[in-house]
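Hi everyone, thanks for coming.

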Amino acid sequence: SSHLTSAEQQRNYIALVDEETDRLNALVSDAIQMARLEAGHVKLQLEQIDLADTARRVLDKMQPVCEDHVVGVAFPAGSPKVLADPALIELMLRQLIGNAAKYGNPRTPIQISGGVDGGKMVVSVCDQGPGIAEADLPRIFDRFYRAGRTKNHVPGAGLGLFIAREIVRAHGGEIWAESKLGTGSVFRFSLPLEQAEATQ
């Protein structure tokens, strides 16, 4: 880079610092949200949000994390919006997509899909990873719980799914996982629709 003028070099450094600052800010605000969730002090800032748009926005921000996977987003046309806290739903989707990218086998697809199911919007994040043992399934959303076969070689504190669960519960929804060892996992969450209709 010796052929760059010092002004150009400076601009490059500034752009880099800006990028890192954005990333740190996101981490810090996530950490603050997580602390609030753990303490049970969550005030939801509710808005009508489009979950497909939200998923795509999260994916844009997570490009480096997901670069090893082809990620698809599939929602039926005209899917209803839900009344939810956009920042918290983004944080939850980041946990679920980050998980799928972390555990999914390299170069396998990750599919995010959604649809209406009896008064609820249900969203699924599907990976092709090693899967989760049946004995572990009921406990993977517990704080600090890490399944036996993953804790040795995948970094993490075991908080991501706990946070996802707290966010969904704060919205009156549910979250669960389905998995088969050797074929991958599907994480699903539901958010109620009836509130959304009442406020329109």
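Let's begin with helix H5, which lies across E6 and E7 and runs at about 140° to E6. For angles, axes are lines fitted to C-alpha atoms, for helices over the stretch in contact, and the values run from 0 to 180 degrees between N-to-C directions. Helices (H or I, at least four residues) and strands (E, at least two) are DSSP runs, numbered from the N terminus.

A word on the source: this is a predicted model, where local features need pLDDT of at least 70, side-chain atom pairs count only at pLDDT 80 or more, and totals for chains, interfaces and linings use all residues. Residues are numbered from 1 along each chain as its sequence is written, and side-chain values use heavy atoms, with hydrogens and water left out.

Now the sheet. Five strands form an open sheet in the order E2-E4-E5-E7-E6, with mixed pairing; two strands pair if DSSP finds at least two bridges between them. Strand E2 (71-74) and E6 are at the edges with a single partner strand each, so one side of each has no neighbour in the sheet. From one strand to the next, the twist averages 15°. E5 and E7 are antiparallel partners over 8 bridges, and Lys 120 has Pro 192 in E7 as its bridge partner.

H2 packs on this sheet too, touching E2, E4, E5 and E7, and its direction makes about 165° with that of E2. Contact here means heavy atoms within 4.5 Å.

How do H2 and H4 meet? Their axes come within 10 Å and cross at roughly 60°. That makes H2 oblique to H4 (under 35 degrees is roughly parallel, over 145 roughly antiparallel, 65 to 115 roughly perpendicular, and the rest oblique). Among the H2 residues making the contact are Leu 51, Thr 54 and Val 58, and H4 brings Ile 89, Glu 90 and Leu 93, among others.

Thr 54 of helix H2 has 2% relative accessibility, so it counts as buried (under 20% relative accessible area; exposed is over 50%, partly exposed in between, with a 1.4 Å probe and protein chains only).

Last, the largest nonpolar core: 43 residues, with Leu 51, Ile 89, Leu 96 and Phe 189 having the most contacts inside it. Such a core is a set of buried Ala, Val, Leu, Ile, Met, Phe, Trp, Tyr and Cys residues joined through side-chain atoms within 4.5 Å. H4 gives the most to this core, with 9 residues.
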